[in-house]
Amino acid sequence: MALAIKEIEQMYADKTEAMRIDMESNYNLKLQELRTGAARAVMETTKTKEDCKDLRNAVTELRDKINDLDNRNAMLLREIEALRRAKEDRERELEAEGAMLRSEADGLRSELDAILRELQMIMDSKMGLELEIAAYRKLLESEETRTSGRQLTSSSFMSSSSRGGGGGDLDDERGSAARGEMSAKTTYQRAAKGAIAICDCPPDGKFVRLENTGRKEENISGWKIRRTVDGSDRPEFVLDDRFAAFAAGSKITIFAKGAKSANAGRNDVEMNDPTWGVGMNVTTKIFNADGDERASLVQTTIYS
C-alpha cells in the first residue's frame, strides 16, 4: 500500500513537473511574442508618427503653394482686367481711326474720281490736239509742196499775177479750201486664231470689245490684253474669273475707268486705267494663258 501511494505521488509529481515546464515554456513563448509585438508596435507607432509629421509638412507646403497660387491667380485676374480695359480702349481708338481713315479714303476717292475725270478731259483734249497737230503738219507739208511748185514756176506765176490783178487772193482762197478739206481716215485690220476676236476699239480709247464667234462657251480667264499706241506699250489687262464663262455668240466690253455707260451690258466690266490709249497707230492683241497670241486688231489713222 505504501509503495502504491509512493508511486502515485511520484506520478503526480512527474505530471506536475511536466505541466510546470510546459506552462513555463508557454509563458516564455507568449512573453517573447508580446515583447516582439510590443517592439513592432513601437516601431509602427514611430513610423506612423514620422508619416504624420511628413504629411503635416506636406500639407503645410501645399497650403503655402495654394496661397501662392491664389495670390498669383488674383494678380493674373487683375492683369486680365487691365488688359481687357486696354483692349476696349484700343478698340475704341482703332474704331475712331478706322472711321477717320474711311472718311479720308472717301475724300481721296472723290479726289481721285475728279482727277480721273480731269485726266479723261485732258486725254480727250490731247487726242484733239494730236488730230489738230497732224492736220497742221499735213497743211505744212502741202504748203511746202505748193511753195516749192510756186518757186519752180515763179516767172510764169508773176506774169500771170500781173495780168490777172488779184492772183494772190485766189491762192489764199485755194489754201483755205485745202485746209477745209482735211479729213482723218481710220482703217482696221482684224485677225483671230480661234473663236475669240477683238471686234471693236474706238479711236478715243474708251473701251475694247471682245466677241466669242464660236458655238460653245469659252473660258478666257487668265488671258491678257496688250496694247501698243504709237510705239509705246500700255499696261496689260489680265482677264479675271469674270471671263470664265464667255457665252457663244456674245460680246463683252471692257471700259476704261469712268467710261462705262448706264446702258452697258450685264457682263461688261470696267478697268482701273482711265484710258486704253489714243494715237494714230494702235495695235491691240489678246494672248491666252500660255502666252500665245489669239487675236489682234490694228488701227491706223491717216490724215488727208
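**Strand S4 and its surroundings**

In the predicted model, strand S4 (residues 224-229) and strand S6 (residues 237-238) run antiparallel and are joined by two bridges. Within this pair, Ile-225 has Phe-237 of S6 as its bridge partner.

S4 also pairs with two other strands. Six bridges connect S4 to strand S9 (residues 281-287), again in an antiparallel arrangement. In S9, the residue opposite Ile-225 is Ile-286. Strand S5 (residues 232-233) is joined to S4 by two bridges, and these strands run antiparallel as well. Here Thr-228 is paired with Asp-233 of S5. The hairpin formed by S4 and S5 has two residues between the strands, and Asp-230 in this hairpin adopts a positive phi near 50 degrees.

In a regular strand, side chains alternate between the two faces of the sheet. The covered face of S4 carries Ile-225, Arg-227 and Val-229, while Lys-224, Arg-226 and Thr-228 lie on the uncovered face.

Ile-286, the residue opposite Ile-225, is among the residues with the most contacts inside the largest nonpolar core, together with Leu-210, Leu-239 and Ile-254. This core has 21 residues. Two or more of its residues come from each of strands S2 (196-200), S3 (207-212), S7 (251-255) and S10 (293-303).

Technical notes
Residues numbered from 1 in each chain as written. Predicted model: local features only at pLDDT ≥ 70, side-chain atom pairs only at ≥ 80, totals over all residues. Heavy atoms only, no water. Buried < 20%, exposed > 50% of the residue type's maximum accessible area, 1.4 Å probe, protein only. Helix = DSSP H or I, 4+ residues; strand = E, 2+ residues; numbered from the N terminus. Pairing = 2+ DSSP bridges. Core = buried A, V, L, I, M, F, W, Y, C linked by side-chain atoms within 4.5 Å.
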